[in-house]
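Keep the picture open as you go.

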Amino acid sequence: MAGIAIERLVKRYGPTQVVHGIDLDIQDGEFVVFVGPSGCGKSTTLRMVAGLEEINDGTISIGGRVVNRLEPKERNIAMVFQNYAIYPHMSVAENIAFGLYTSGLDKAAKRKRVEEVAEVLGLTPLLERRPSALSGGQRQRVAIGRAMVRDPAVFLFDEPLSNLDAQLRAQMRLEIKRLHQRLGTTIVFVTHDQVEAMTLADRIVVMRDGHILQVGAPMELYEKPADVFTARFIGSPTMNIMPAKAVAEAGRSTLRLGEAPLAWPTALPSDVLIGVRPQELRVLDQGEAADLILSGTVAVVEPLGPETFVHVEAAGGLLLASAPAKNPPAVGSAVQLGAAASGLRLFDAQSERAL
Amino acid sequence: MSAIASPVSGRIEPGRILTWLLLFGGGLLMVTPLAFMFATSLKDSSEIYDLAFFPAHPTLENYVTVLSDGRFLRWFANSFGIATAVTLSNVFFDSLVGYTLAKFQFRGRYLVFVAILSTLMIPTEMLVIPWYVMAKNFGWLDSYWGIMFPGMMTAFGTFLMKQFFETVPNDFLEAARVDGLNEFAIFWRIALPLVTPALSALAIFTFLSNWTAFIWPLIVTTSKELYTLPVGLTSYAVEAQVQWELIMTGAALATLPTLTVFLLLQRYIVRGVVLAGLKG
């Protein structure tokens, strides 16, 4: 097992810089998830850690050893790819054993190791099958098996679940998490799916345009997003963001949004963005009080079973709010939405950074 | 009937009948000379110019004559050996170059590819003289190597393999790199098995074209013991007399390996032709 240290890491493709000098320390045994939209540099960073992409500047150390110039096979890592990359011309057993290509073990020892890994992943009855005879989830398990068999210092996962259907994805998510709890090996996992990031990670690294925006535990990012992008990216459904005016006076401010002015205990710039998660913006009962109250008209109702979300035209846009699962408001009806001050996140309208 | 009946109405569509007739006509056109060749090989020399399709008195005499002629077996072995060696060489080198062009980024890659591709525009007839001069200068005239060297690697094969290797996802190669394979092992153990259909098509076409090659082996060889089968068969046609029954028997025997290859590898050939977008 080993930690990873990334220092001032830069990647350029010709004149285009795609990773802009990022720094990150990953602890030994930590499960770190890189998350961000397509083209944010998360996969490129992972591939640089793997040694599949050249580094233009900066250093990557694995287990305290700088690996910039080392071949992938010399880095003691294992990688699971988005398309599984299990060899179609080999059986499951041969695929898993391929992870031991450079191990120097004899045939019997390899077989024993393959059987152990297959047992852990529930692949024992499938060992002689070809990949074409496996389901998507089974293929992904084989890919994980090939990575596991080598007992590497670091596991790298490059969007490994994105080709699976929703149900299988949830199941594999659980399996990967249990695997990490069992093996305790450092894992770096890349995804564009914030649900995967939230459910799997010890720490999430939010990336955008080749920069790291925020690093933190899932709930830390959820509760205290550093900027509007992270606020909207983490959490489902997406956070509502509303522009508002603030008047600062003697170290305090008054926010002007909604039915009544809202007192804020700190000085704020004049233009702010107010963020509120749909779970914290509720449809109010008649006469119910709240710190922030917005009036609007219900445009769409989305019953989800245990809860119902309503899209409400209010505050100059379409806001998503939660409503009682039973008896939600009807489409077209006038409603009042309310949120507690503690549920509001404030951002500077210019920089979009948290205030 | 079901093949040419409309699945909806059950009626036979005129378009389908036309297709079926055209295919039947085309098939007949292909099979008739082959059948005539086999029929002629069973004829006595006195029947050759009767032009009857079937022999009046079928005999295997011609097969006995040809097979007991030591030269025929030698030519057969020459053709087989040469076609096999050239095929193996093509399968290896065309794949290696195709793989390099498809999967590695290096300066001048496009130029190399265009240079290889441009040789496809030059007809064989124009290449024969430079080949001959080259063979003469290197002392390869009248040798097996002289027959084989122009075909040991082909632009077509390289192009075909490059196109196929481009369809192999890079993830496979990168996974192998992470697993610790060196670049040749990645090519040999991972990439090559993934393009088996293209490889089969290349092998089959290369073998067949070398098995039937005539012009170059005729030019480069003078010793009869080095003749390939198609060249050797011309020995049965001498000025005074053309022994059609023996030529047809030799030709019939010459088709046996190709027919065997076809029957054994039919699946791969059809798939290879479809995949390669070739017209056969």
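Helices (H or I, at least four residues) and strands (E, at least two) are DSSP runs, numbered from the N terminus. With that in hand, chain B reads α-α-α-α-α-α-α-α-α-α-α-α-α along its sequence, which comes to 13 helices and zero strands. Chain A has eight helices and 20 strands.

Some housekeeping: this is a predicted model, where local features need pLDDT of at least 70, side-chain atom pairs count only at pLDDT 80 or more, and totals for chains, interfaces and linings use all residues. Residues are numbered from 1 along each chain as its sequence is written, chains are lettered from A and ligands numbered from 1 in the order in which they are written, and side-chain values use heavy atoms, leaving out hydrogens and water.

**The two chains in numbers**

The table uses a few terms. Buried means under 20% relative accessible area, exposed over 50%, and partly exposed in between (1.4 Å probe, protein chains only). Accessible areas come from the Shrake-Rupley method with a 1.4 Å probe, and for residues only the protein chains shown count as cover.

| Property | Chain and value |
|---|---|
| C-alpha span along principal axes | chain A: about 75 × 45 × 35 Å |
| C-alpha box along principal axes | chain B: roughly 70 × 70 × 35 Å |
| Buried share | chain A: 50% of 355 residues |
| Buried share | chain B: 40% of 280 residues |
| Accessible surface | chain A: about 15,900 Å², 49% from carbon and sulfur atoms |
| Accessible surface | chain B: about 15,800 Å², 70% from carbon and sulfur atoms |

Contact means heavy atoms within 4.5 Å. Among contacts in chain A with a separation of 6 or more, 65% are between residues 24 or more positions apart; for chain B that share is 68%.

For charges, Lys and Arg count as positive and Asp and Glu as negative, while His and the chain ends are not counted. Each charge is placed at NZ of Lys, CZ of Arg, CG of Asp or CD of Glu. In chain A, the mean positions of the 37 positive and 40 negative charges lie 6 Å apart. In chain B, with 16 positive and 17 negative charges, the mean positions are 11 Å apart.

**Sheets in chain A**

Strands of a sheet pair through backbone hydrogen bonds, either parallel or antiparallel. Here, two strands pair if DSSP finds at least two bridges between them.

One open sheet has six strands in the order 6-7-8-3-9-10 of chain A, with mixed pairing. Strand 6 and strand 10 (211-216) of chain A sit at the edges with a single partner strand each, so one side of each has no neighbour in the sheet. The twist averages 15° from one strand to the next. (Axes are lines fitted to C-alpha atoms, for helices over the stretch in contact, and angles run from 0 to 180 degrees between N-to-C directions.) Strand 6 of chain A runs parallel to strand 7 (residues 154-158) of chain A, joined by four bridges, and I77(A) stands opposite V154(A) in strand 7 of chain A. Helix 1 of chain A packs on this sheet, touching strands including strand 3 (31-35) and strand 8 (186-191) of chain A. The direction of helix 1 of chain A makes about 145° with that of strand 7 of chain A.

Another open sheet has four strands in the order 2-1-4-5 of chain A, with antiparallel pairing. Its edges are strand 2 (16-26) and strand 5 (65-66) of chain A, each pairing on one side only. Helix 1 (residues 42-50) of chain A packs on this sheet too, touching strand 1 (4-13), strand 2 and strand 4 of chain A, at about 115° to the direction of strand 1 of chain A. Two bridges link strand 4 (residues 57-62) of chain A to the antiparallel strand 5 of chain A, with S61(A) opposite V66(A).

**A hairpin to look at**

Strand 17 (residues 308-314) and strand 18 of chain A run antiparallel, joined by seven bridges. H311(A) faces L320(A) in strand 18 of chain A. Why is strand 18 (residues 317-323) of chain A largely enclosed by the rest of the structure? Because five of its seven residues are buried.

Most residues other than glycine have a negative phi, and most peptide bonds are trans. The hairpin of strands 17 and 18 of chain A has two residues between the strands, and there A315(A) takes a positive phi near 50°. A85(A) has a positive phi of about 55° without being a glycine; A85(A) sits in the loop between strand 6 (77-80) and helix 2 (92-98) of chain A and is buried at 1% relative accessible area. E352(A) has a positive phi of about 60°, in the segment after strand 20 (344-348) of chain A, and is partly exposed at 33%. Finally, a cis peptide bond joins S236(A) and P237(A), with omega about -5°; P237(A) lies in the loop between helix 8 (228-233) and strand 11 (240-249) of chain A.
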